[in-house]
Amino acid sequence: RHAAVCVMGPAGEGDEAAMALDLGADDAVGPEVTAEELALRTRGLLRRKRQSDRRRARMQDGLRLAMRDPLTGLYNRRFAAPQLAAIAARAREDGTPFAVMVMDLDRFKQVNDLHGHVAGDQVLVEVARRLTANLRDSDVLARIGGEEFLAILPSSCMTNARRVAERLCQVIDEDPIRLASGENLHVTISIGVAVAGAGGSPAIEGLVEQADLALRESKGAGRNQVTFRMNAA
């Protein structure tokens, strides 16, 4: 769809040429065009197309950076907030529950202090990969802080949210993360979950706050576990 189009022949002359240009052609030449002129026109079209491709790529990169965390590739807080609002609105319309999870790596400062920030970045990237692999395509996963993540699970009741959260704890805990240095590093994650019941109208800020409070309870109870809050309406 981004190709450069040159109309040639009788359709490239007079009123038909004007019509072709009006319909989106980039150039129009009559049947008597020479090879030299055609080559010049073609090079000009290709040059303009490459410039357009570069502008389009820069715009797409800008849009991606505006909603993606550059380290992990996850969505960022700016993107997650409107997604949460949209999921909450659909839940109210459909009368279905949904869940919010706030997750935080345990003692992550020690990773940076003992192994360096490069190792810390490697841990974050691998944790993001594991979390992504164990969530549905319809779920939203974002990095909202240094070692803090947010997951939004549409159409998820307490039973489903519990199963997912416990699985996420397990996949982080069960296998050590292999660093580029060859060292294996064991990390765990604590999770707080808040579930908005079917037909409820929870305030979004309150729902995230409840999940965050549940996360603090997980930390206080020894870390590497899941704590739940039901319906923050």
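Is aspartate 53 buried, exposed or partly exposed? Hi everyone, let's start there. Aspartate 53 is partly exposed, with a relative accessible area of 27%. A word of caution before I go on: this is a predicted model.

So who does aspartate 53 pair with? Its partner in a salt bridge is lysine 49, and the closest N and O atoms are 2.6 Å apart. Lysine 49 is partly exposed too, with a relative accessible area of 27%. Both residues sit in helix H2, which runs over residues 35-67, and because they are four residues apart there, about one helical turn separates them.

That pair is part of a total of 13 salt bridges found in a search of the whole structure. Let me show you another one, between the side chains of arginine 143 and aspartate 69, at 3.2 Å from N to O. What about their surroundings? Arginine 143 and aspartate 69 are both buried.

Now please look at helix H7, residues 204-220. Arginine 216 and aspartate 212 are four residues apart in this helix, about one turn, and they form a salt bridge with closest N and O atoms 3.4 Å apart. Arginine 216 counts as exposed, at 55% relative accessibility, whereas aspartate 212 counts as partly exposed, at 22%.

On to the inside. As a reminder, in soluble globular proteins, nonpolar side chains tend to be buried together. Here, the largest nonpolar core has 36 residues, and those touching the most other members are Met101, Met103, Val123, Val127, Phe149, Ile191 and Val193. Several elements give two or more residues to this core, among them strands S4 (98-105), S6 (148-153) and S9 (189-196), along with helices H4 (108-115) and H5 (117-133). Which element gives the most? That is H6, with eight residues. There is also a second, separate core of 18 residues, which includes Ala80, Phe98, Leu150 and Ala196.

Beyond its neighbours within four places in sequence, valine 193 is in contact with residues including Ala99, Val100, Met101, Ala161, Ala165, Val226 and Phe228.

Next, the largest pocket, with a volume of about 180 Å³. Its lining consists of Arg68, Gly73, Leu74, Tyr75, Thr132, Leu135, Arg136, Asp137, Asp139 and Leu141. By type, the lining residues divide into four nonpolar, two polar and four charged.

Most residues other than glycine have a negative phi, and most peptide bonds are trans.

Note on methods:
Residues numbered from 1 in each chain as written. Predicted model: local features only at pLDDT ≥ 70, side-chain atom pairs only at ≥ 80, totals over all residues. Heavy atoms only, no water. Salt bridge = Lys/Arg side-chain N within 4 Å of Asp/Glu carboxyl O. Buried < 20%, exposed > 50% of the residue type's maximum accessible area, 1.4 Å probe, protein only. 1 Å grid on protein atoms, 1.4 Å probe; cavity = no way out; pocket = protein on both sides within 12 Å on 5 of 7 lines; lining within 4 Å. Points joined across faces, edges and corners; volume = space filled by probe spheres on them. Nonpolar A, V, L, I, M, F, W, Y, C, P; charged D, E, K, R; others polar. Core = buried A, V, L, I, M, F, W, Y, C linked by side-chain atoms within 4.5 Å. Contact = heavy atoms within 4.5 Å.
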